[in-house]
Amino acid sequence: MSHKLDPEKISKSFATLDIHDYGDVLQCMRCGLCINACPTYRTDGVETETPRGRVAMIKAVIDGKIPADEEFIEHIYDCLNCQNCQTVCPAGVKAGELVLEARHRIEENRPQPALKKFMLNYAILSQPRLAKFMIPLKLYQKLGLQALIRKYDILKLISEDLKLMEALLPPLPPRPLSEELPEEIPAKGPEKGRVGFFLGCAMNLIFADVSRASIDNISRAGYRVIIPKEVQCCGTPNIAEGERTVYREMARNTIGLFGDKRVDAIVTDCAACGSELKAYREIFSKDSSISEKAKDFSSRVRDISEFLDRAIDNSLPFGPISRKVSFHDPCHLRHSQKLTAPQRNLLKRIPGLDYRELPDEGQCCGSAGIYNITHRERSMKILGAKIDSIDKTGAETIVSSNPGCLMQLMYGTRQWGKSWDVIHISQLVNRSLNSADQKK
Amino acid sequence: MNNLIISKLQESLGKSKVLSSGTELYCYSYDATPLVSFKPDAVVKAHNEEDIQKTLEFAASEGLPVTTRGSGTGLSGGSIPVDGGIVLLTTAMNRILELDADDLSITVEPGVITTAVHNAVEALDLFYPPDPGSMKVSTIGGNVAENAGGLRGLKYGITGDYVLSLDTYFIDGSKVRYGTKCVKDVAGYNVTKFLVGTEGTIGIFSKIVLKLVPKPKTKKTFLALYDDVIDACRTVSAIISRKVIPSTLELMDNVTINCVEDYAGIGLPRDVDALLLIETDGHPAVVEEDAAVIESACRENHARTLRTAKSLQEAEELFTARRMALSALARSKPTTILEDITVPRPAIPEIMSCIKEMASKYNIRIGTFGHAGDGNMHPTCLTDERDQDEIHRVHEAYQVIFDKAISLGGTISGEHGTGYAKSKYLPAMVGPKAIEVMKKIKATFDPDHRLNPGKIFPREER
Ligand SMILES: Cc1cc2nc3c(=O)[nH]c(=O)nc-3n(C[C@H](O)[C@H](O)[C@H](O)COP(=O)(O)OP(=O)(O)OC[C@H]3O[C@@H](n4cnc5c(N)ncnc54)[C@H](O)[C@@H]3O)c2cc1C
Ligand code: SF4
Ligand code: SF4
């Protein structure tokens, strides 16, 4: 493979897309109603950084009006894939998804950096493998180097990127959650049904406490929780980087894995995983060997709030938490899964909780996978705007439900010197259930 | 434009304010107008008046055309640089300079978004009525240049009715302030009023003072459903002839309702032939009186059901749904071609019949919605630009509809302007003498046709 970019080859490959087609590109009538919703337009203020612009550029590449050169690729990768544009577009244009399709064609047709290939094609395939690559980080945390470095800014001298990466990571659990959990956890009380729990990589390796709380909540709601150990990554990092072969392989495995477990629902507490698992139905829509199974699988997937809001009935009371609380909607929840009500309903069911709406109609926090590392400056501007919105609410606790958002918000909270705490909705719900228990 | 010129421009303005790559230029080759695209040679992102001034001076020295652009939501190609040259972006000039709650005015830079004005003034119990469907993205500069209307135009008028003063740059780089913050001002010609609606062909607004009014005390919102769109049209003139002016009187036909419901999912009835969204506002007693008249007009004209919005939130949802109409219509087909005809209100049923007839005669799909209370209808054709034969039929159908509108004493453009897309229809509309006068005016301000060339006047007419 040559190491030079071949714009012509990429352009030609745009003649067909993967699951969308040219009609979906033409669908954009260029009304511009999406531009202010787009975080990159908010930071950059130019048309090349709008959903409308991105669809126009993709169309122009297909039509041969602009080359698929470095600059085009850059704009395509500047997108956070937050899908806010898809929420606001009245014409039903899937600008965010079209961007991902463009990335797929680009990646198929350009030389791949070795590290990226290694991560997306190899490391990601198994969680123990991923865990191994996090061990060095863990060691260094254990030795207390993290605090020292944070304090003295030593890393700044080494590399800005590394410093950010280390600042983003919260203290890691001693071992992955999957190593501690049994395959099945019985329902507390009479069993209402069986739930498959999809333990996402980041939850397993970084936010073990959160998923522990999620699983406890589900079982207290009366469901047996089945936690398949061989679960692979949902594929979000792959699809975001345009990789779809390994992605489909992992997705097939996951569909099969849960297919065998006779579960009523497949629940995840990672919004990104949830949105990806729900998307399997589309990604396999053209593949008759699995399309039906994928449809069935996706239709059972539930975000943790979506599940708990229905599953927790009056027999399981919420205990009081007197705090001012805001919910930061992960884009993968609000825009990809189109869920806004369940998380709010759940929070409002907690007695004493003073719910404050964030005044930004679901703007991204700038985390977006590894966007905060690959596009650091813009990501930090986006985060700054988020911190400003939170400030307006007077909230004492910021609740969210996606590991990337949690890390980014925790980082922002430290960086901007704010005093609110940042937690996952499962943790808050768990606290509330506990406090009701204690009252009994 | 060659690299040398670009670098000179960058030198004068600063590198970050000049965009010139092929991809960037492509992204400023279109606005919301279907099937029109011309690339500029450079784009300047102005941050202040000095940037405008420098750009104009530079363009003068190089003999380049200049086209001003706000958010690019125009529907007649106004911000598309048909002769290339420089596109001057105003969106970074987006500060609210002064909100005078005592004398009821707001002073803004041209790139301020329309809803930002709404939000700022409503916080102080004031009201800026113009609310084009694009208000969440359109700029005030663009609104003034297009004299944009909106859902509240019927009672409250359109953008031009609220413009008190304009700081305007002309193509030679000079700047003049017309108008004052005073609500009365007859010093000299009323150039302020003239500049409104000039579609970026006479000057570039750099500072705009808008008049505000007190926020109405109450309002009542109706949704009237019809089994026949013609009955809905008759209701419109019935309400007006009873000397009631609702603040909003909007129509959506069945095709539009279904597309909007597909997007918004707020429970609009899918089986009706048309609906009217009606709102009356003001003093509670007056609102009640008007509401009674509106109700009887609806019932007498066979409204199937008439219901009132139960909450402000429900009313807001209905308005938002209506604002989405155009873009929502784009859901069902790849290409959407919309028109902007306006007729005297008693003629609405007749123009509506003509639209329906043409849709069936030319075998095309048309969804119609519009500011019915203003007589302003947007028949919107849902088509596919790849189907040349159908596109041809669409144009033929529209020609008949235009002729009909004009013969009814109407106009081909109620609010989207002439721009590039409608220029060829203008002579038939206004006649040769009017074109001559307009050309003389244009030549006074811009003798070389460098400011937004190719607009308003059809090419061969120039
Ligand atoms: C979905 C949708 C709904 C719409 N609904 C309505 C509606 O209800 N009513 C209505 O009237 N229009 C409507 N429009 C049309 C359009 O939004 C308006 O014309 C709006 O005023 C354009 O604002 P803009 O900032 O996008 O201007 P642009 O499209 O960028 O520019 C429009 C024109 O204004 C000129 N211009 C821009 N800024 C300046 C300035 N500072 N000085 C001088 N000239 C300037 C440009 O040269 C151009 O000719 C709608 C459009 C869409 C896409
Ligand atoms: S993506 Fe949708 S909202 Fe954005 S310009 Fe296209 S049609 Fe309009
Ligand atoms: S997905 Fe987000 S960042 Fe990408 S174009 Fe849409 S709104 Fe912008």
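How many helices and strands does chain A have?

1. Chain A has 25 helices and nine strands, taken as DSSP runs numbered from the N terminus (H or I over at least four residues for helices, E over at least two for strands). A word on the conventions: this is a predicted model, where local features need pLDDT of at least 70 and side-chain atom pairs count only at pLDDT 80 or more, while totals for chains, interfaces and linings use all residues. Residues are numbered from 1 along each chain as its sequence is written, with chains lettered from A and ligands numbered from 1 in the order in which they are written.

2. On burial, 49% of the 440 residues in chain A come out as buried (20 or more other C-beta atoms within 10 Å of the residue's own, C-beta atoms being placed from the backbone; exposed is 12 or fewer, partly exposed in between). As for contacts (C-beta atoms, placed from the backbone, within 7 Å), take those in chain A between residues at least 6 apart in sequence: 78% of them join residues at least 24 apart.

3. Have a look at α19(A), residues 304-311: seven of its eight residues are buried, so the rest of the structure largely encloses this helix. The buried ones are I304(A), S305(A), E306(A), F307(A), L308(A), D309(A) and A311(A). Their cover includes helices α14 (208-220), α21 (341-348) and α25 (425-439) of chain A, along with strands β3 (223-226), β4 (265-268) and β5 (301-303).

4. Next, a helix pair: α4 (residues 51-62) and α7 (residues 95-108) of chain A pack at about 40°, their axes 9 Å apart. That makes α4(A) oblique to α7(A). (Oblique is what remains once angles under 35 degrees are called roughly parallel, over 145 roughly antiparallel and 65 to 115 roughly perpendicular.) On the α4(A) side the contact uses P51(A), R54(A), V55(A) and I58(A), and α7(A) brings A95(A), L98(A), V99(A) and A102(A). By class that is seven nonpolar, no polar and one charged residues (Ala, Val, Leu, Ile, Met, Phe, Trp, Tyr, Cys and Pro are nonpolar; Asp, Glu, Lys and Arg charged; the others, Gly among them, polar).

5. Over in chain B, L275(B) touches L223(B), A224(B), L225(B), Y226(B), M252(B) and I257(B), leaving aside neighbours within four places in sequence.

6. Last, a proline: P237(A) is found in α15(A), residues 236-240. P237(A) is buried, with 21 other C-beta atoms within 10 Å. Its C-alpha atom is separated by 9.6 Å from that of A272(A), 35 residues apart along the chain.

Terms used
Two residues are in contact if their C-beta atoms, placed from the backbone, lie within 7 Å. Axes are lines fitted to C-alpha atoms, for helices over the stretch in contact, and angles run from 0 to 180 degrees between N-to-C directions.
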